[in-house]
Structures are given as structure tokens and as C-alpha cells.
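I opened this entry to keep track of what I looked up.

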Amino acid sequence: MLRMVVTPEEIIPILGMLTGIVSMLVIGFTIVRVAQGQIGQAIARRIHARAGGDSEVQAEVLELREQVADLASRLAENEERLDFTERLLARGKDEAKAHG
């Protein structure tokens, strides 16, 4: 009877190659699943927006910037009114103390 003896020096490289192949398959499968999912779609939209720029997105950004500028000016105006009101109230208290 012929008996084959397999030594560790022969098994280790084969197991190393099998481990590498299985790891590459798992990594490849994971990358494909992520690319097809929501994260991959978000990355694709971001790349697309940087490359050519979606006119719809640019118009929306411009509109939002205008709204922010309008809100900032309205806020500044309200802060001025509040300061004025506080000065009037403080003056009224000072006059009341002086007369009272």
C-alpha cells in the first residue's frame, strides 16, 4: 500500500492561499453590497455633484443662501429693536427712581 505523508511544510502554503482566496471573496462581496446600498448611492451622488454639478441642487443651495442672508438681516434688526427697548426700559426705571 502506498501511503502519502503530508508534512506541515506542504499544508501551510495551501492553507495560506485558501485563506487569502476566502478573504478576498468576503471583501469583494462586502464592497459590492455597500456600493449597491444607501452608502454607495450617497457617494455616487456626491461624486456626480462635484463632477458636473446638478443645476437643481445648485439652485436650491442658492435659494437657501438667500434665505440665510435674509434671516441674518432680520435677526440683526430684531437685536437692534431689543437693545432699544432695553435702553428705554432702563431709562424709565432711572427716571422713576429720580422722581420717586
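My notes follow, one topic at a time.

**Confidence.** I noted before anything else that this is a predicted model. I looked up the average pLDDT of the chain and found 87, with 92% of the residues scoring at least 70. Where in the chain is confidence lowest, and where is it highest? The lowest mean, 82, belongs to helix α2 (residues 38–51), and the highest, 92, to helix α1 (residues 8–36).

**Salt bridge.** I looked up how many salt bridges there are, and the count is 1. R81 pairs with E77, and their closest N and O atoms lie 2.8 Å apart. In general, side chains of opposite charge can pair when their charged atoms come close. I then checked where the two residues sit: both are in helix α3, and because they are 4 residues apart, about one helical turn separates them. Is R81 buried or exposed? R81 has 52% relative accessibility, so I listed R81 as exposed. E77 has a relative accessible area of 39%, so I listed E77 as partly exposed.

**Negative patch.** I searched the surface for gathered charge and found a negative patch made of E56, E60, E63 and E66. E63 lies in helix α3, which covers residues 55–99. Its relative accessibility is 45%, so E63 counts as partly exposed.

**Nonpolar patch.** Which residues make the nonpolar surface patch? I found V6, I11, I14, L15, M17, L18, I21 and L25, and the patch covers about 770 Å². I picked I14 from this list, and I14 is in helix α1. I14 counts as partly exposed because its relative accessibility is 49%.

Notes
Residues numbered from 1 in each chain as written. Predicted model: local features only at pLDDT ≥ 70, side-chain atom pairs only at ≥ 80, totals over all residues. Heavy atoms only, no water. Patch = residues over 30% accessible without salt bridge, like charges linked within 9 Å, V, L, I, M, F, W, Y side chains within 5 Å. Areas by Shrake-Rupley, 256 points an atom, 1.4 Å probe, with all protein chains shown as cover. Salt bridge = Lys/Arg side-chain N within 4 Å of Asp/Glu carboxyl O. Lys, Arg positive; Asp, Glu negative; His and termini not counted. Charge placed at Lys NZ, Arg CZ, Asp CG, Glu CD. Buried < 20%, exposed > 50% of the residue type's maximum accessible area, 1.4 Å probe, protein only. pLDDT = per-residue confidence, 0-100.
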